[in-house]
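Reader: Please take me through this model feature by feature. Give me the general idea, then the case at hand.

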Amino acid sequence: MAPLPYTPNHIPDPSYVRLLDTTLRDGDQAPGASMTPSQKLDVARLLSSLGVDVIEAGFPASSPNEFEAVRTIAREVGNHPMSPDSDHVPVICASARCTKRDIDVAWEAVREGRWPRVVTFIATSDMHLEHKLRKTREEVVKSATEMVKYARSLGCHDVGFAAEDAARSDRKFLSHVFEEVIKVGATTITVTDTVGCTLPFEFGDLIKYLKSNTKGIENVIISTHCHNDIGLSTANTLAGVLAGARQVEVTINGIGERAGNAALEEVVMAMKSRKEVLGGLHTGINTVHILAASKMVSEYTGFHLQPHKAIVGINAFRHESGIHQDGVLKFRKTYEFLSPEDIGLSDVSRIVLGKHSGRHALKSRLKELGYDVNGSELESLFERFIKVAESKKNISDDDIKALITSNHTQSQVKWTLGDVQVTNGTNGSSNGKEEKIFQKCSENLLATATI
């Protein structure tokens with residue numbers, strides 16, 4: 001499914017959900033994750049190929065380098081299709097606080113793109129008003145409406161407004177703020193769970209409330225922006241979509257402030273794999289590029305994925321349990337709900353041999369290596385395999401070959417370390433600490449010198 005033609009405040013297909021990727025803004029704000037301008041451009045190009053509808057390219061007012069990075073993305077990615085099979089060009093948007101300076105800089109950064117958007121934001125919760133902004137509710141409404149109106153006056157026809165900490169805001173006041181910004185030209189309103197504190201039923205209920213109690217909301221797109229502080233960002237995002245939101249704000253690998261944001265790969269694959277249950281909701285994402293995007297962002301940010309990360313973790317399509325391995329070898333879908341090919345993973349080795357593996361898995365790997373082992377020979381080999389697996393976390397093909405070529409059922413010493421002499425420095429001799437280190441190394445060598 002390709003991305004739909006773009007109109008700022010209208011989606012022709014009521015089941016279509018826009019993807020706004022904020023990896024380059026919210027993701028880039030994660031401590032230690034910042035990317036160089038050239039890296040951000042690479043990521044933006046890949047996001048375009050992925051079929052992302054809107055790329056939030058950054059926060060231009062934060063620095064001259066950030067401004068140039070966003071402007072380059074608007075010029076190069078915001079005007080040219082990245083895929084030869086599609087004329088899709090993503091919206092390039094920039095984030096701005098509710099100040100004229102921020103909005104001026106943001107507009108200047110994105111204005112050369114085909115579909116430029118400025119998103120301005122201000123907090124709406126009483127907690128933020130009192131302790132951060134030191135403003136009254138009336139002052140917040142005034143600032144929000146004046147700045148949305150100002151952005152439109154610059155010639156920006158696509159202005160988003162985000163209510164920071166919306167999930168903890170008074171609902172009536174939040175609805176009032178949205179009504180006022182819609183009146184002056186906002187095309188998208190974003191409902192945020194800034195601190196990731198809501199539960200799915202709460203967030204879905206908030207969207208329903210806003211849809212029913214906000215005048216003019218039928219003329220804009222409702223967007224969700226959910227953080228993952230208690231691990232529910234994807235669930236909250238889906239709850240928001242089911243309640244009527246038609247844009248979701250996500251990041252690759254779920255990176256972002258604190259515990260991160262809703263992960264693009266999780267939200268997209270949930271919609272793709274459970275489309276019927278979700279009432280036909282779908283995106284325009286070409287999912288075969290998901291793995292490439294995940295690897296690029298991981299490499300550029302230095303944020304390595306935990307092995308069990310949903311969809312893109314190294315263990316997402318691997319099995320060590322003997323029961324699971326037996327099922328997968330007989331019929332893949334017994335223990336695999338998703339297909340690795342859908343995310344661009346075609347050479348995955350599903351079976352991981354370890355102490356939990358069974359005979360079926362070992363025999364399958366032996367066949368792959370060219371060995372046909374059955375009966376008592378397989379039983380004997382399996383017993384020796386388990387002994388090795390209990391003392392070694394990762395069993396390689398070389399380990400399996402060593403087992404099959406050995407004529408012994410018991411571990412036997414194949415070689416010993418005779419003597420070690422160590423000299424350190426330019427002219428000096430080893431000290432006591434180094435001798436202990438090499439003694440330990442020698443012991444480790446002797447311990448591994450058996451098969």
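**Reading the model**

Author: The protein chain has a mean pLDDT of 88, and 88% of its residues reach 70 or more. pLDDT is the predictor's confidence in each residue, from 0 to 100. This is a predicted model, in which local features need pLDDT of at least 70 and side-chain atom pairs count only at pLDDT 80 or more, while totals for chains, interfaces and linings use all residues. Residues are numbered from 1 along each chain as its sequence is written, and side-chain values use heavy atoms, with hydrogens and water left out.

Reader: Over which residues does pLDDT stay under 50?

Author: Where pLDDT is low, the predicted coordinates should not be read in detail. Here pLDDT stays under 50 over residues 407–414. The model gives that stretch 15 contacts (heavy atoms within 4.5 Å) beyond four places in sequence. Over residues 445–451 the pLDDT is also below 50, with 16 contacts beyond near neighbours in sequence.

Reader: Which residues touch the most other members of the largest nonpolar core?

Author: In soluble globular proteins, nonpolar side chains tend to be buried together. A nonpolar core is a set of buried Ala, Val, Leu, Ile, Met, Phe, Trp, Tyr and Cys residues joined through side-chain atoms within 4.5 Å. Buried means under 20% relative accessible area, exposed over 50%, partly exposed in between (1.4 Å probe, protein chains only). The largest core has 88 residues, and F161, F178, V191 and L264 touch the most other members. The top contributor is α5, with 7 residues; helices (H or I, at least four residues) and strands (E, at least two) are DSSP runs, numbered from the N terminus. Beyond four places in sequence, the contacts of V191 include F178, F203, L206 and H225. Another core lies apart, with 15 residues, including L362 and F385.

Reader: How many disulfides does a search of the whole structure find?

Author: A disulfide is a covalent bond between the sulfur atoms of two cysteines. The cut-off is a pair of cysteine sulfur atoms within 2.5 Å. The search finds 0. Take C93: its closest cysteine sulfur, in C156, is 9.7 Å away, so the two are too far apart for a bond. C93 is buried, at 0% relative accessible area. C156 is buried too, also at 0%.

Reader: Where does R134, with its positive phi, sit?

Author: Most residues other than glycine have a negative phi. R134 has a phi of about 55°. R134 lies in the loop between α4 (126–133) and α5 (137–153).

Reader: Is N253 buried or exposed?

Author: N253 is buried, with a relative accessible area of 9%. Its phi is positive as well, near 65°. N253 belongs to the loop between β8 (247–250) and α9 (264–273). R134, by contrast, is exposed, at 66%.
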